[in-house]
Amino acid sequence: MNLLICFGTRPEAIKLAPVIHGLKRYDINSKICVTAQHREMLDQVLEFFEITPDYDLDLMKAGQTLNGLSSTIFKEMDKVFDDWLGLRQAQSGLRQAQSDIVLVHGDTTTASIIAQAAFHRQIKVGHVEAGLRTYNKSAPYPEEINRQLIGRIADFHFAPTKKAASNLIKEQIPERQILMTGNTVVDALNWTAQKLTESSLTQEVVDLEAMLNPKKKLILVTGHRRENFGRGLEELGEALLELSSNPGVEVLYPVHLNPNVKEPIQQILGGKQNIRLVDPVSYPAMIWLLQRAAVIISDSGGIQEEAPAFGKPVLVSRQFSERMEGVEAGFSILTGTDKKKIVAETNRLLQNPPDLTNKPNPYGDGKAAERIVGFLRDYLSG
C-alpha cells in the first residue's frame with residue numbers, strides 16, 4: 001500500500017490536506033512531494049494544515065515560463081521516483097509493486113506534468129477533482145488542457161460532482177474507474193472552522209479587522225488567471241474603481257504576487273479611496289474574509305466552491321467556468337472581466353442581497369476525503 005501525493009500550489013495543498021490526514025488516520029503508507037510552484041502561498045498552507053513534505057523540489061523561479069517549469073518538473077520527478085520506487089523495491093523485492101499510486105489534484109502544471117511523468121514510469125495515477133470541463137482550451141488557460149491530459153492518463157478518477165462524473169463517462173472513461181466523492185474543499189473548510197474555534201484569531205485576521213470599516217459593505221476581490229492578463233485585469237481594475245466611488249462600500253483585493261497581476265492592479269487602484277490592496281492572505285484569513293464579504297469578485301475556482309458554504313454570491317470574472325454547478329444553483333454569476341457587467345451585477349447584489357444561507361453547497365457534504373481514502377484503502381489492501 002504505497003502512495004506518492006504530489007502538488008505544487010496553495011489550492012492543491014488545501015484540497016489534498018483532508019486526504020493526507022485521512023490517510024494518516026488509517027496508517028496508510030504515503031509520501032508527500034511538493035514542487036513549490038508557488039512557494040510563499042504554499043508554505044502558509046503546509047504550516048496551517050500541519051503537513052511536512054518528504055520531497056520538496058522548491059521549483060519556484062521569478063518569471064519562469066510554463067515550458068521551463070514543465071521541463072524541470074519532468075527532470076526532478078525522475079529523481080523522486082527513483083528514490084520512492086527504490087524504497088518499494090527494498091521492501092518488496094519487486095521492481096515496482098502494482099499497488100503503487102501517484103495521487104495528483106486538479107488542473108495545475110504540476111499535476112499535469114507529474115501525471116505524465118508517472119505514466120512514463122508505468123505507475124498508476126489517481127486524480128482528485130477529476131472531470132471538470134469547459135471544453136474551451138483557452139479558458140481556463142492552461143488548466144483546461146491540463147485536466148483533459150490527466151483525464152486520459154489517470155487510472156482512478158475522483159469526481160467531485162455528478163456533472164464531472166458525467167463528463168468523464170462521455171469521454172469513454174470506464175465507470176468502474178470513476179468515484180463521485182464531493183469536493184475536498186468542503187472538508188478543508190470544516191477542518192479550518194474547527195481549528196479556528198479552538199484557537200484565538202491570528203494576528204493577520206486581527207489586523208484585517210482593524211483595517212476594514214464595519215459600517216461599509218465589503219467587496220472581496222481576487223484575480224490571477226492567465227487568460228485575464230492584460231486588458232482583462234485592466235477592465236476589472238476600472239470596474240473596481242467605479243464601484244469604490246460608492247461611500248457605502250469598501251474593496252479589499254489581496255493581490256497575487258505575479259507581476260502580470262500586481263503591476264497593472266497597483267497602477268490602476270493603488271492609493272485610491274475605499275480600496276485596500278494587500279499582499280496575498282493566508283488560508284484562514286481568506287476564510288474569515290469570505291464570511292465577512294457582501295459580494296465576492298473572483299476568477300478562482302476554489303472560491304467558487306468555498307463561497308456557497310457561507311451563502312455568499314460570487315461574480316466569476318471569467319467567460320467560461322468548469323464549475324457550472326454554482327451558477328446553476330444561484331451562487332455564481334459569470335461576468336467575465338466586462339466592466340459594465342461587473343459594476344451592474346455588483347450593485348444589484350449590494351442593493352438586493354440574495355438569500356443563499358439555506359441552500360446546500362453544490363460541491364459537497366464534507367465527506368469527500370473519507371470516500372477517497374476508503375477507496376484507496378480497499379484497493380491497496382486488495
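**Entry 1: ground rules.** I am working with a predicted model, in which local features need pLDDT of at least 70 and side-chain atom pairs count only at pLDDT 80 or more, while totals for chains, interfaces and linings use all residues. Residues are numbered from 1 along each chain as its sequence is written, and side-chain values use heavy atoms, with hydrogens and water left out.

**Entry 2: salt bridges.** I looked for salt bridges, meaning a side-chain nitrogen of Lys or Arg within 4 Å of a carboxyl oxygen of Asp or Glu, and the search of the whole structure finds 26. I turned to Glu129 and Arg147, whose side chains meet in such a bridge at 2.8 Å, N to O. Glu129 lies in the loop between strand S5 (124-128) and helix H5 (143-153) and Arg147 lies in helix H5, so this pair ties together parts that are 18 residues apart in sequence. Helices and strands here are DSSP runs, numbered from the N terminus (helices H or I, at least four residues; strands E, at least two).

I then checked burial, where buried means under 20% relative accessible area, exposed over 50% and partly exposed in between, with a 1.4 Å probe and protein chains only. Glu129 counts as buried at 4%, and Arg147 counts as buried at 1%. I also found both residues in a network of salt bridges, whose members include Lys15, Asp107 and Glu227.

**Entry 3: a second pair.** Glu242 forms a salt bridge with Lys339, and their closest N and O atoms are 3.8 Å apart. This pair links distant parts of the chain, since Glu242 is in helix H9 (residues 231-243) and Lys339 in helix H14 (residues 339-351), 97 residues apart. I noted that Glu242 is partly exposed at 41%, and that Lys339 is partly exposed at 27%.

**Entry 4: the sheet.** I followed an open sheet of six strands, in the order S10-S9-S8-S11-S12-S13, with parallel pairing; two strands pair if DSSP finds at least two bridges between them. Strand S10 (275-278) and strand S13 (332-334) stand at the edges with a single partner strand each, so one side of each is left without a neighbour in the sheet. Four bridges join strand S8 (residues 217-221) to strand S9 (residues 249-254), and the bridge partner of Leu218 in S9 is Glu250.

Helix H14 packs on this sheet and touches S8, S9, strand S11 (295-298), strand S12 (314-316) and S13, where contact means heavy atoms within 4.5 Å.

Key: Axes fitted to C-alpha atoms, helices over the stretch in contact; angles between N-to-C directions.
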